[in-house]
Amino acid sequence: MLLEELYVAGLFGTFVLLLMTGFPVAWVLGGTSVIWTVIGVLSVEQFGADLWFDYDSSLALLPERIWGNVESQALVALPMFTFMGIMLDQSGIAERLMHDMVRLFGRVRGGYAVTVIIIGVLLAATTGIIGASVVLLGMLSLPTMMENNYSRSFAAGTVCATGTLGILIPPSIMLVMMADRLATPEASVGALFMGAFIPGLMLGLLYIAYAIIRPLFQPSIAPTPANPERITLRLVFDTVLAIVPTAVLILSVLGSIFMGIATLTEASGVGAFGALLLAALNGRLTLPVLRRSLYATTRTTAFIFGIFLGATAFSVVLRGLGGDEVIEAALLGLPFGPNGIVIAILFAVFILGFFLDWIEITLIVLPLVAPAVQQLGFDLVWFTILFAICLQTSFLTPPVGFALFYIKGVAPPEITVLDIYKGVVPYILIQLFALALVFVFPALAVWLPAISR
């Protein structure tokens, strides 16, 4: 076992070192796998190492595993949901929502921030494309909040954190990938979608509570407008009317999955068609828009599948070197109780989120730790939702927090990187608070999946 531990440590060490070179992650994963396949085969065949490793039981399995990824029904939904989100960003729905909700909530202290969060929740339930959501919300709201003398850090932090809700609130691309990696009926895509629904909405409500409560104690960060528009029935009606198309699309996609009317793949097709229809109704379905949306969908899907292939190669070599047993033994051997082991895993994921993208953590770490968690007797849906909430922080934690870069790219010049960092800290704490709530009250994640069985 000592030799296996050394080889597994060497595998991970090589991956980390190569990652620092700046090469694309997919190539680093694949290259590390090839290097350690050669080391493993030479160690056994040339030096007689006491290691159950050969080419046929490791990298030779890669074509079969890749074909399994291509055949995965869950992953067919990934490009459809990606297209749905990108097309909705092009449809003009968010602009209309922002315009009407600002008129409705503008008179409330912190009302612009509340508007951003509500729209962010609606966007999150229709797309899991974090970059598009952050950029769109930033472009629509930051200039207005600056004009109304909002604190730079408060405004930037709100937009940045709200844009990341789409990674948790279903239909989430991350949850689709997690279900595929776990490959168990207990943690199917539908079960994970239902498990994330309440925690996702709860996180949105916690954001809203923060956006309302903090300005009560610090009025200077979110002053009320000088000449707020009077609230009329017509204004309320226009706002509701702006929400209806998005709400119908959400109900069509999630409702069809939750009620068993459509499979995940069928529901993703409904969502993609619905996004096209909404764009057409808004007069935005033009050939250039369609071309941009298809191009962005293809690039995003290819990027994700590239990492899938690299991670698949990495995982088969890791298993060939006995990595599963080494990691499971290390986790179960920790000097904590079962709850302490789960906390240790989540803490490690939180730290990894500072340096790695959520895709790599999902594809590499989740399949390694999930068997140990199951062996401890925990509900796999509950643990996966905890894992997902913890991963959401990776978008906000420097230096690799992608949402920080997205918002900086569209923020007005007066908003500095330091303003953005200061603004996201309270929201990271809120995310960790939500994580603690789901940990202490598992029913938040397992109640909906349980009643659907």
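**Notes on the predicted model**

1. Thr393 is buried, at a relative accessible area of 1%; the term buried means under 20% relative accessible area, exposed means over 50%, and partly exposed lies in between (1.4 Å probe, protein chains only). Thr393 belongs to the loop between helix H17 (380-392) and helix H18 (402-410). Helices here (H or I, at least four residues) and strands (E, at least two) are DSSP runs, numbered from the N terminus. Apart from neighbours within four places in sequence, Thr393 is in contact with Phe350, Gln431 and Leu432, where contact means heavy atoms within 4.5 Å.

2. Some remarks on the basis of these values are in order. The model is predicted, so local features need pLDDT of at least 70 and side-chain atom pairs count only at pLDDT 80 or more, while totals for chains, interfaces and linings use all residues. Residues are numbered from 1 along each chain as its sequence is written, and side-chain values use heavy atoms, with hydrogens and water left out.

3. As to the overall make-up, the secondary structure of the chain consists of 20 helices and zero strands. Of the 453 residues in the chain, 54% are buried. Among contacts between residues at least 6 apart in sequence, 80% join residues at least 24 apart. The chain has an accessible surface of about 19200 Å², and carbon and sulfur atoms account for 70% of that area; accessible areas come from the Shrake-Rupley method with a 1.4 Å probe, and for residues only the protein chains shown count as cover.

4. Phe350, named above as a contact of Thr393, is one of the buried residues of helix H15, together with Ile341, Val342, Ile345, Leu346 and Val349. Helix H15 (residues 338-352) has 15 residues and spans 21 Å from its first C-alpha to its last, close to the 21 Å expected at 1.5 Å a residue. The expected span is 1.5 Å times one less than the number of residues in the helix.

5. How many aromatic pairs are there in the model? Rings of Phe, Tyr and Trp (its six-membered ring) pair if their centres lie within 6.5 Å; planes under 30 degrees apart count as stacked, over 60 as edge-to-face and the rest as tilted. By this rule there are 11 aromatic pairs. One of them is the edge-to-face pair of Tyr112 and Tyr150, with 5.6 Å centre to centre and 75° between the planes. The pair links distant parts of the chain, 38 residues apart: Tyr112 is in helix H6 (residues 111-124) and Tyr150 in the loop between helix H7 (130-147) and helix H8 (152-163). Tyr112 is buried at 10% relative accessible area, and Tyr150 is buried at 4%.

6. The rings of Tyr207 and Tyr427 have centres 5.0 Å apart and planes at 90°, so this pair is also edge-to-face. It links distant parts of the chain, 220 residues apart, with Tyr207 in helix H10 (residues 189-217) and Tyr427 in helix H19 (residues 417-440). Tyr207 is buried at 0% relative accessibility, as is Tyr427 at 1%. Ring pairs join Tyr112, Tyr150, Phe154, Tyr207, Tyr210 and Tyr427 into a cluster.

7. A search of the whole structure finds two salt bridges, a salt bridge being a side-chain nitrogen of Lys or Arg within 4 Å of a carboxyl oxygen of Asp or Glu. In one of them, the side chains of Asp419 and Arg152 meet at 2.8 Å, N to O. Asp419 lies in helix H19 and Arg152 in helix H8, so the pair ties together parts that are 267 residues apart in sequence. Asp419 is buried at 8% relative accessibility, whereas Arg152 is partly exposed at 38%. Another salt bridge joins Arg181 and Asp180 at 3.0 Å, N to O; Arg181 is buried at 18% and Asp180 is buried at 14%.

8. Pro449 is found in helix H20 (residues 443-452) and is buried, with a relative accessible area of 2%. Pro449 and Leu192 are 257 residues apart in sequence, and their C-alpha atoms are 7.7 Å apart in space. Leaving aside neighbours within four places in sequence, Pro449 is in contact with Ala191, Met194, Gly195 and Val381.
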